[in-house]
Amino acid sequence: MTHMIYGPDRIKAPLIRTGERGAGNWKEATWDEALDHIAGHMIRIRDEYGPESMLLFNQVVGTSYVQKGAQVRMASLLGMSFATAYDFNGDISMGFTHTLGIDSVECETKSWGHAKYAILWSSNVFQTRIPDARFLTEHAKQKNGCKIVCIDPRCSQTAKGADLWLPIKPGTDGALALSMCHVLLEQGLVDRRFLQKYTDVCTFVRADNGDRLRASDLRLGGEDEFVAFDEASDDWFVLPKDTLKLPEGIELSFTGTRQVDVWSADGQKATISVTPVFQLIEDIVMRDDYRPENVEQITDIPAETIRQVATEYATMRPSSIIIGMGLNHRLHGDLTIRSILLLSALAGAHGKAGEAVTIYSGQHHFRIDLSSWWFPEGKRPNSVPMHYFVLGGPTSTINQKINYPKHGVKALFVSHGNPLVTEFSDPIKKAIDALDLFVAIDFSMTPTCEYADVVLPAPTFWEKHDLVGTGCHPYLQLQQEVVTPRHQSRPELWMVRELIRRVDPSLLPYFACDEFGAIEILLEGGGKECKGITLDQLKDGPVRLAVPDPEVGLDEQFHEDKVFPPRAYPFPEGANREFVRTGRMEFYKEEDVFRKHEESFPVYKPAFSHLSEEDQALPLCIVTPHSKWRVHSTHSNNPVLLNINRRPEVEIHPSDAVKRGIRDGDLVEIFNHNGGYKLWALVTEGIRPGVLCVDHGWWDRYLAEGKYHSVHTHQKIKPTHENYFLPAVYAPGQHWKDTRVDIRRAE
Amino acid sequence: MARYSMLIDLTRCIGCDACTVACKQENGTPLDTFFARVVNIEAGKFPNVKRIYLPMLCYHCENPACLKACPNKAIVKRRDGIVLIDQDRCRGTGACVSACPYGNVILSERSQWYLDSEQAYERDFVKPRLREGVARKCTYCAHRVDEGLDPACVVACPTNARIFGDLDDSNSVLSNYIVEQREKTGREPFPLLASAGTLPAGAYLDTMAAQESALSNELHNQGTHGTGRPKLTKALFVILIAIAVLLASKLSFAQTTEGLRPSPEQVERFKENLFSTSSCIGCHGQEAMGGMGPPIAGTKLTEAQFLSIVRHGKGMMPGTSASDLSDSKVEEIRQELLKKPWVESQIPIAYKVGQVLKTKNVAMIFLFVFAFAFVFGIKVLFYWLKVSNLAMLLPYIPKFGVLRATWVLFAALVVDGFFVASLWRKSRFRWAMHGLILYGFCGLILGDVLMQIYNPTRGDLPLLDPIKLLLIASGASVMLGVFYVMFRYRVDDYIDNGMTLGRDFLFVNLLFHTIVSGFLTVVLNRLGISGWLMTIYLYHLVSIGLLIGTAPFTRFAHVWVVPALVAVTRLTEEMVKAGVDLGFQREPSPGRHHKTVRIAREIAERLAPEAGENVNIRYYP
């Protein structure tokens, strides 16, 4: 990818805007000029509005523990606000957080190779996990004869390698998952051993107030302890809160409503009826709504196929589900994922090589504890989800833990992010217009940089040292400088140090080290996973972390009986415990907000039901998958890739095209009430009628006209995502796939 | 000796195009030039759609069409099987572009590079290896292979779908993989377009999902194990050459019997009447045909018939005018000859042959030879047009304009065919050397036509007659050209590309023999040295016959094959430029869409037979 380094869009020197924002008038500045300019603003804003009025937003920290970590370190030390990219990118999968207490779970991709059955649920592994796809093709398929099922409205690249392709109606995946649960329950393909140990389905729900029955209610234990009924001893059993291990011979009750005497906190005794979660779930799932024959109407997947896939999933073991972002980028995506997790729990398909529900998303999952470098002396930045900045301020339902700057955001630092090439480019532009200072740090002159006040030239990946890790591979790797930083680009650590020198020289000692020093700090405080790993080892190549081989996902829970949730780096142990109080996979959410929205159980809610009527009336939905030619918007301007993938196209089914007089290759306009943009049509049999597909990340300049994804600009936060707050673990996600549009031929 | 091959396992391939990009990165190919590519095929109708990814690259055929089509011998097959285009020798004719049935050879007039600035890699490595205006293709990364490395696309493939190795080494990764897959998954390597007869070294393994329907009884081992067809062809040529040589020598050594030699007195008498070499006596008297007169003795011609023959010539004999030989003299000769005894057993073979070689018979033989050559020439032409996949191009021609297409083809035939523009552009010297033969031939043909018109009896013309001059000059030109070629064969060992040598050799030698024997005939005739004249003349005739008769199978064929292929290439280029069809616009390396369509259909038939006609190529995204 030498074009990243030598390409025409490379930023050569610091730039300071001289005209209007986005007008393209720049002054090439020296580093001193640029840094003085920024520091001047920073000091003024800090003194006038407080340091939290300066917001740092960097992509993607998981790939840059040191350099982008240095920016976080600066934010921590100055008390700036910090918006994690992970949740704003929509990668956070709240369905996982609701169920497992952690935002997403990945098994090591090597583990896929052990599967004999794999459902790729809206996941385009062949395109978005290219280096790992071989675990499916070469290992699972070729060696194990694994059967691969691909659920996707379009015949994706991955559908190529699938034995079965289910072209599902977009947004109906939740119904499909619950229908598969229906089949498992109907056929008794339920793994009760697994359920009673690892899930909350044996806990009881009180009929009187909907709370979960606690040990304290029965005076058997504390308020944070939960009970199940042991049929073997015919007595209540308090689920251990620090281990998943159950005594030998225990037979927890799954069904049957019981009458029980409970004591309230003030000593009142009452007789109430309580029902196991399993029973309640069964009541819902066994409803006629979820019978495959009825779900066929919703999903357009034949009932017999639903039965077949469900049965095969439960019986052809080890079986895996890999979830893609198509499910998650929906307002009700959390419900869908909860339903899929329910399916996997019913089948007990977890905890073995080749058995897991995996959702790989973003490069967020930190492999080690980064606190020692990012949060010196326990100082943390003021975490604010980017959503609220984009929305122009906090919502009425904002979690009280979030300290939104009281004077609003005055300065924004975007590092290696390209938020103006996301589905929310318009509201972001509006939010930026209100800023005093907008600094963009990048190596390529992106549309976001073009809108900045100051642009700082950063090195590319090949021009700096860093420490990187990723969710799907339990390794630490040293990123090494193989090309001397070109032009005037400087590593982020250097930039941060120079800014600190100007803004608050007393903090300079925190940045005295170089990249290797930072890595030493990281390795030292990294925790048990990186114990014993040294810089010298890293210099020889990637080093495997001290984790099971292969990592199957939730290893501590399934192998060491440690209660849920697993630790969410970079937060301390227990920071996310309140998300799953039972310490088990939770399929019942007792919090009021869930009950209010009727989402206590995994249920199916039609994807577009939350849209306005006029939006719902639009005939087509649009999906925006990753492109294989880019990493989001990076490489959009790569001349070689543009030579192969020459122009943005919208995939459209012939039946939709014919209706609108659109022929293959025509210039077309996608539009709705939010706006529209023009690009070219690709008429193809490989997509469901009623669905359009535009791969995301095209810079505006490559479109025929308009702004990229201007049709998507409606932001909404689901109240159940605001119930708790832990940056990038429990935070609002995105739902850009819920957009409805129409298309017409452009003249 | 190694035999490199690449096997692509379609079960493993995920269509990520890492190969496409790695190839670009390694070879630094310019805009629109893709040595490696992945064809993205959609087969069927929703919801029964199958997506097929077919990674394509040069297959380094056992019997490379490009190599055979190249008029400049710029394409070589190395001993290890790698087929390379010599960027120095290539004159950019474009024949190979059409000749490759897979569309894997790329020729663009000008190279556009992605970046304005030139880095060391481009300057020192890429650009010296990729010359402007010449044909290029995948080299199997020969520069890497020579260092013991795998090709870049193989290294880059994230799913190990590309297995590269030596077929001749039973321990190579490739050989092992083939054996392993045969045993474990029952899959056999298969080549693309087996019917093209190119015997690609690169082959594929089926997608395992499609395995059951795709695995037929036939073993697709052609791609990896040669059937020996080239060897057979070579043997055929050797036999042909042997026959030609035998025939020629038989005729040359046809001996007369002692008793039939004329007596010294006879010779003296002939000498007295030695009017000129341009009479029958001129030949017979000078010991041509053994120095005897059986032709006349045996024919029992009437006086009028004899006179007519003498006056107008017959067969190989020129006519004689009355000023050279009066009627009475002619009759005197006839009488003299009639007295000659006729002893069957003593008639030399040459005479018998001569008897057969009556004008009518010679004409018939040549007609037959021409017909044979024509039929097979057409067959050869059609073979190449089929390989070039002109058929798939035809449906687009109405969109492009039939007249326009005709004009493009005609212009190509004239400019690239007759005037050999590619040679003219690259090297005037080579153009001139090539012209010696090409235009010399044209001169000979023109001379013959003129002769037919102005001198149908082929009576001897004065040396300075324009037709005679034209013929002599043309003959000399061809001869010079042939000498140059022979010289190049001697000094330039690189000229042997190992694949076409037999055909070249036969053609050049037949041409050499033809032209030298023709020249000798003229010279001996002029000098009046008639002793070997007839033998050499016959030899000349036989050579011409062989030259023409074998033309479709020798390098002679390039006379019509190369212009035809070049014309197809030009037509394709023009159609691409005109943006006739979306497929052309989208195909990253323009000009091979129509070939890709054929391949897509073939692979879809194999992997998604239920799709029927609904096969579409999606170039992107």
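A salt bridge here is a side-chain nitrogen of Lys or Arg within 4 Å of a carboxyl oxygen of Asp or Glu. With that rule in hand, welcome to a set of close-ups of a predicted model. Counted over all chains, the salt bridges come to 81.

**View 1. A:Asp453 forms a salt bridge with A:Arg17 and another with A:Arg21.**

**View 2. A salt bridge crosses between chains, from A:Glu685 to B:Lys45.**
The side chains of A:Glu685 and B:Lys45 meet at 3.4 Å, N to O. On one side of the contact, A:Glu685 lies in the loop between β25 (675–683) and β26 (691–693) of chain A; on the other, B:Lys45 is in strand β2 (residues 37–45) of chain B. With 11% relative accessibility, A:Glu685 counts as buried. B:Lys45 counts as partly exposed, at 44% relative accessibility. Elsewhere, salt bridges that share partners connect A:Asp32, A:Asp36, A:Glu498, A:Arg501 and A:Arg502 into one network.

**View 3. Strand β3 (residues 54–58) of chain A is largely enclosed by the rest of the structure.**
Five of the five residues of β3(A) are buried, which is why the strand counts as largely enclosed. In a regular strand, side chains alternate between the two faces of the sheet. What covers the picture on each face of β3(A)? One side carries A:Met54, A:Leu56 and A:Asn58, the other A:Leu55 and A:Phe57, and all of these residues are buried. β3(A) pairs with strand β16 (residues 411–415) of chain A in the parallel sense, over five bridges. Within that pairing, A:Ala411 is the bridge partner of A:Met54. β3(A) also runs parallel to strand β4 (residues 81–84) of chain A, joined to it by four bridges, and here A:Leu55 stands opposite A:Ser81. To get from β3(A) to β4(A), the chain passes through helix α3 (residues 67–78) of chain A in a right-handed β-α-β crossover.

**View 4. Helices α8 (residues 173–187) and α14 (residues 333–347) of chain A pack together.**
Two packed helices are described by the angle between their axes and the distance between the axes. For α8(A) and α14(A), the angle is about 20 degrees and the axes are 8 Å apart. Angles under 35 degrees count as roughly parallel, and α8(A) and α14(A) are therefore roughly parallel to each other. Their crossing is left-handed.

**View 5. Three strands of chain B form an open antiparallel sheet.**
The strand order is β3-β2-β10. β3 (48–56) and β10 (615–618) of chain B are the edge strands, each pairing on one side only. From one strand to the next, the twist averages 25 degrees. β2(B) and β3(B) share nine bridges in the antiparallel sense, with B:Val39 standing opposite B:Leu54 in β3(B).

**View 6. The loop between α22 (555–560) and α23 (592–596) of chain A holds A:Pro565, A:Pro570 and A:Asp561.**
Most residues other than glycine have a negative phi, and most peptide bonds are trans. The bond from A:Phe564 to A:Pro565 is cis, with omega near -5 degrees. The bond from A:Tyr569 to A:Pro570 is also cis, with omega near 5 degrees. A:Asp561 has a positive phi, near 60 degrees, and counts as buried at 12% relative accessibility.

**View 7. A:Asp300 has a positive phi.**
Phi of this aspartate, A:Asp300, is near 65 degrees. A:Asp300 is found in the loop between α11 (292–299) and α12 (303–315) of chain A, and at 41% relative accessibility it counts as partly exposed.

Terms used. Residues are numbered from 1 along each chain as its sequence is written. Chains are lettered from A and ligands numbered from 1 in the order in which they are written. This is a predicted model: local features need pLDDT of at least 70, side-chain atom pairs count only at pLDDT 80 or more; totals for chains, interfaces and linings use all residues. Side-chain values use heavy atoms; hydrogens and water are left out. Buried means under 20% relative accessible area, exposed over 50%, partly exposed in between (1.4 Å probe, protein chains only). Helices (H or I, at least four residues) and strands (E, at least two) are DSSP runs, numbered from the N terminus. Two strands pair if DSSP finds at least two bridges between them. A crossover is right-handed if, with the strands pointing away from the viewer, the path from the first strand over the helix to the second runs clockwise. Axes are lines fitted to C-alpha atoms, for helices over the stretch in contact, and angles run from 0 to 180 degrees between N-to-C directions. Angles under 35 degrees count as roughly parallel, over 145 as roughly antiparallel, 65 to 115 as roughly perpendicular and the rest as oblique. A crossing is left-handed if the near helix is turned anticlockwise from the far one by less than a right angle, and right-handed if clockwise.
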